[in-house]
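Hi everyone, thanks for having me today. Please have a look at the chain on the screen, and we will walk through a few places in it together.

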Amino acid sequence: MKSSYGFGDCIRREIRRMGSRPAYLIGMVVIPLAVVFFFVSLLGVGLPQRIPNAVVDLDQSSMSRQVRRTLDASQLVDLSQDAESYDRALEMVRSGEIYGFFVIPAHFERDALAGRTPTLEYYTNMTYFVPGTLSFKGFKQVAVTTSGGLARNTLISLGVDPQRIGGLLQPVAIEINPLNNPWMNYSIYMSPSFSMATFVLMIMIMTVMSITGEIKDGTSPQWLATARGRISVALAGKMLPHTIVYCCVGLLMLWVYFGWQHFPLHGNLGWMMLATFLLILASQGFALFICCIIPNPRLAYSVCALFGVLSYSFAGFSMPVTSMYGGIAIFSWLAPVRYWYLIFLNEALNGFPLYYARWVFVALIAFAIVPWLLVSRLRKAVSNPVYVP
């Protein structure tokens, strides 16, 4: 039976438009999935290992060579380069050949054996935060180990009982237990976060394209006439095929995370699927809100693209929202992907009960519903399309 409100006609019309333009396939399917596989392959090893670094050995003694062997045995440091001086090592850092260097001073062995506390120095390039931080961690570990070894030799030479030295050097034993990601795998939280942010960005852009594209092409009156003049029916018929495609893509993304890559899932997969579905509706709702406020293709594209790109920063993926300036932290609560990220942490990584994330689901539902209260503002622009380049 033919719908009296033209809902079915709008769906069929939108499917024809989607099939006639390759941009829909690329933006809705190809780019989101390509980004997922890009991050999964880029971070396939989990934690970056064997960062290129160098050693400046100004002592050339048996003890300095032992320090070098200890550095080279570290899982984080790769001594792939040699530097004969501090200036040469600094030049290599500036050229990008290495990310840091370890300096063993002249007369290191002589001063150590004489109890004159030689100084070990290490430098890392924190312009590249991840390799710089990992290099710093590897250098510090070797420096502390070397310092402990020298202190042990000094205490033994002073006649201290070797059985008591361990307690003097480390009176408190530290046991480290990384929760929910004991492998320290960067991919477990970076791949889902950044790929889902890209997915949201493409949903916003493609939703703006489908709605304001009618105004740009001058076909919006025919689109509204197909819905028997009801703008809400026209929008629902247009966005439903998109939602179905996005849900299929979103489920495939979840399979990549938890099925193929075996990321930790300490909670319920069903809640993650619901969160992804609500995120899709919320992203479409956000784009619909922009179209209602600014029914101009160029401006609507710009706002959604700018906000979507900035959400990578203020959604809290790499820096806690609580550590941001107040004026910036406010924007984090306007990004739909922020709420999916909180559910991901709550359900997948921490495995907390749904009770603790109930308000996050409510926020996504609000993102999806509230823009529909403003669709009457869009009706005027759809009825009398005026394209302003």
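Let's start with helix H1, where the buried residues are Asp9, Cys10, Ile11, Arg13, Glu14, Arg17 and Met18. Buried here means under 20% relative accessible area, while exposed means over 50% and partly exposed is in between, with a 1.4 Å probe and protein chains only. Helices are DSSP runs of H or I with at least four residues, strands are runs of E with at least two, and both are numbered from the N terminus.

Before I go on, a word on where this comes from: we are looking at a predicted model, where local features need pLDDT of at least 70, side-chain atom pairs count only at pLDDT 80 or more, and totals for chains, interfaces and linings use all residues. Residues are numbered from 1 along each chain as its sequence is written, and side-chain values use heavy atoms, leaving out hydrogens and water.

Back to H1. What covers its buried residues? The cover includes helix H2 (22-42), H8, H9 and H10. H1 itself has 14 residues and reaches 20 Å from its first C-alpha to its last, close to the 20 Å expected. That expected span is 1.5 Å times one less than the number of residues.

Now for the charges. A salt bridge is a side-chain nitrogen of Lys or Arg within 4 Å of a carboxyl oxygen of Asp or Glu, and by this rule the count comes to 9. One of them joins Asp9 and Arg228, with the closest N and O atoms 3.4 Å apart. Asp9 lies in helix H1 and Arg228 in the loop between H9 (220-226) and H10 (231-260), so this pair ties together parts that are 219 residues apart in sequence. Asp9 is buried, with a relative accessible area of 15%, whereas Arg228 is partly exposed at 38%.

Arg13 is in a salt bridge too, with Glu214, and here the closest N and O atoms are 2.6 Å apart. This pair also links distant parts of the chain, with Arg13 in H1 and Glu214 in helix H8 (residues 186-217), 201 residues apart. Buried or exposed? Both Arg13 and Glu214 are buried.

For a local example, look at Glu91 and Arg88, whose side chains meet in a salt bridge of 3.7 Å, N to O. Both lie in helix H4 (residues 86-95), 3 residues apart, about one turn of the helix. And there is a network: salt bridges that share partners join Arg13, Glu14, Arg17, Glu214 and Lys238.

Lys238 has another neighbour to show you: its charged end sits over the ring of Trp223, 4.8 Å from the centre. For that, NZ of Lys or CZ of Arg must be within 6 Å of the ring centre and within 35 degrees of the ring normal. Arg338 likewise lies over the face of Trp333, at 5.1 Å from the ring centre.

My last stop is Ser74, in the loop between helix H3 (62-73) and strand S2 (77-82). At 10% relative accessibility, Ser74 counts as buried. Which residues does Ser74 touch, not counting those up to four places away in sequence? They are Arg50 and Gly138, where contact means heavy atoms within 4.5 Å. The C-alpha atoms of Ser74 and Phe139 are separated by 9.0 Å, and the two residues are 65 residues apart along the chain.
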